Amino acid sequence: MQRRRVLAASALALLTPAARAQPRVEVRLWTLLSGGDGARMRALIDSFNASQRGVRVVSTTLKWGEPFYTKLITSTVVGEGPDIATVHLSRLPNLAGGGVLRPIGALELAAAGLQGSDYFPRQWEKSRYAGAPYAIPLDLHPLVLYYNKKLVSQAGLLDAGGQLKPIVGYDALSAAFRGVKERTGKAGLAMEAGQGSYAIWRLWVSLLAQRRVPIIENGRFVYGAAGVEELARVSAWFTRGYAPAGLDYPASTSQYMGGGAGFMINGVWEVPEVVRATKAGTLGFEYGIVPLPRLYQDASVWTDSHAFAIPANEGRPMAPEKVRAVLAFVAYVSRHSMGWAEGGHVPAYRPVAESREARALMPNALYAEAAKNVVYDPDGWYMGAAGPVEAMASKFMPGALSGQLTPQEALGMFEREASRLLRKKPPRY
């Protein structure tokens with residue numbers, strides 16, 4: 001512990017009062033974080049900038065998804081990228097493998113007082129490529145199950161303490177959705193389901209992981225009949241009328257927030273909105289949250305993680321003092337990520353995530369167990385947040401939810417279009 005304190009102090013030497021006479025090192029950050037996440041990141045940046053005078057972080061917010069990654073890739077290739085960027089760990093095979101990011105050396109991490117054991121093993125493993133760390137994980141944000149206690153109670157699904165009774169198995173979850181629909185007249189489930197929706201891919205990945213069925217092996221899709229079965233089972237919630245088909249993301253969240261659905265399957269990033277509405281007195285019902293139920297062999301659930309990474313910037317290698325400044329900021333955010341947790345995310349930095357304060361934080365404590373069961377998209381340059389395979393899935397899978405396509409047809413169309421990517425040589429940008 002003493003050694004780590006010395007290393008951290010050394011890394012922050014440029015932040016001490018002795019450095020006040022020196023010009024500030026300016027660090028340019030590109031982020032895809034907007035809304036509540038963007039506000040929390042701005043607060044962390046402002047706090048860091050105010051905490052010392054040696055480094056000043058300047059942030060630019062770009063449009064989430066493929067527009068962000070396209071700009072990051074193209075700018076880095078010509079040496080005009082930022083000094084640091086927020087990325088999704090699911091995109092790391094594409095970004096690190098494509099030469100967009102530079103590895104972070106062990107000595108560089110040590111100088112900042114950072115080490116892999118400070119982070120949850122699954123997230124630290126996911127932040128590595130070809131044996132080297134390419135990112136510093138910030139969080140994990142899994143799918144969870146939200147519920148409306150008023151409607152769920154009317155369906156007889158709450159226990160004596162006002163909490164959701166355990167739901168185990170596909171039949172039990174389907175019965176819960178059906179019970180709300182039949183006893184209240186409201187939708188059993190609200191979930192994004194229109195064309196272009198990512199929710200069905202994330203849920204499908206979760207359920208196949210619960211069945212321990214791989215999606216891709218040796219450059220080809222191998223989910224087989226299990227993939228068709230899981231898409232059919234989720235589609236049945238919609239075709240049987242338990243959940244309305246065709247809702248886009250805002251419509252699905254509005255239905256739940258407006259009291260029109262007993263349950264909602266969504267990510268933890270919606271936590272701030274239900275907390276805000278509860279405090280404002282506009283929600284209209286008491287809510288609860290639980291991890292995605294175990295329908296099969298385990299409780300695996302899709303997640304992704306935000307992380308900090310350093311662009312390679314071809315022809316413009318980063319000076320050592322700039323690297324120290326960048327990692328000083330990353331270390332500061334890691335150690336102050338309790339504020340980030342208030343956005344619903346589970347911090348990846350274990351000293352914060354495992355602290356008494358974090359364990360008591362509500363409503364995060366209601367779904368904290370999900371962190372033990374998270375799974376990511378399969379590795380591949382074509383995978384990850386807003387990546388090409390996910391985009392293709394969002395193009396075809398919702399057709400099964402609406403009944404316009406059979407599950408077999410939807411997956412057949414998806415697989416035919418996506419298979420060409422699996423055979424394609426990974427790009428080097």
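Is Glu230 buried or exposed?

1. First, the ground rules. This is a predicted model, where local features need pLDDT of at least 70 and side-chain atom pairs count only at pLDDT 80 or more, while totals for chains, interfaces and linings use all residues. Residues are numbered from 1 along each chain as its sequence is written, and side-chain values use heavy atoms, with hydrogens and water left out.

2. On confidence: pLDDT is the predictor's confidence in each residue, from 0 to 100. The protein's mean is 94, and 95% of its residues reach 70 or more. Be careful with residues 17-21, though: pLDDT is below 50 there, and the stretch has 3 contacts (heavy atoms within 4.5 Å) beyond near neighbours in sequence.

3. Glu230 is buried, with a relative accessible area of 0%. (Buried means under 20% relative accessible area, exposed over 50%, partly exposed in between, using a 1.4 Å probe and protein chains only.) Its salt-bridge partner Arg211 is partly exposed, at 21%. The closest N and O atoms of this pair are 2.7 Å apart; a salt bridge needs a side-chain nitrogen of Lys or Arg within 4 Å of a carboxyl oxygen of Asp or Glu. Salt bridges with shared partners join Arg211, Glu229, Glu230 and Arg233 into one network.

4. The structure holds 15 salt bridges. Another one to look up is Glu286 with Lys149, at 3.2 Å from N to O. Glu286 sits in the loop between helix H12 (271-280) and strand S13 (287-291), and Lys149 in helix H7 (149-154), so the pair ties together parts 137 residues apart in sequence. Glu286 is exposed at 53%, whereas Lys149 is buried at 10%. (Helices, H or I with at least four residues, and strands, E with at least two, are DSSP runs numbered from the N terminus.)

5. Now find helix H13, residues 320-335. Of its 16 residues, 12 are buried, so the helix is largely enclosed by the rest of the structure. Among the buried ones are Lys322, Phe329 and Tyr332.

6. Finally, compare two loop residues. Leu101, between helix H4 (92-97) and helix H5 (106-111), is buried at 4% relative accessibility. Leaving aside neighbours within four places in sequence, Leu101 has contacts that include Tyr134 and Pro311. Val78, in the loop between helix H3 (66-77) and strand S3 (84-88), is exposed at 56%.

Definitions and conventions
The expected span of a helix is 1.5 Å times one less than its number of residues.
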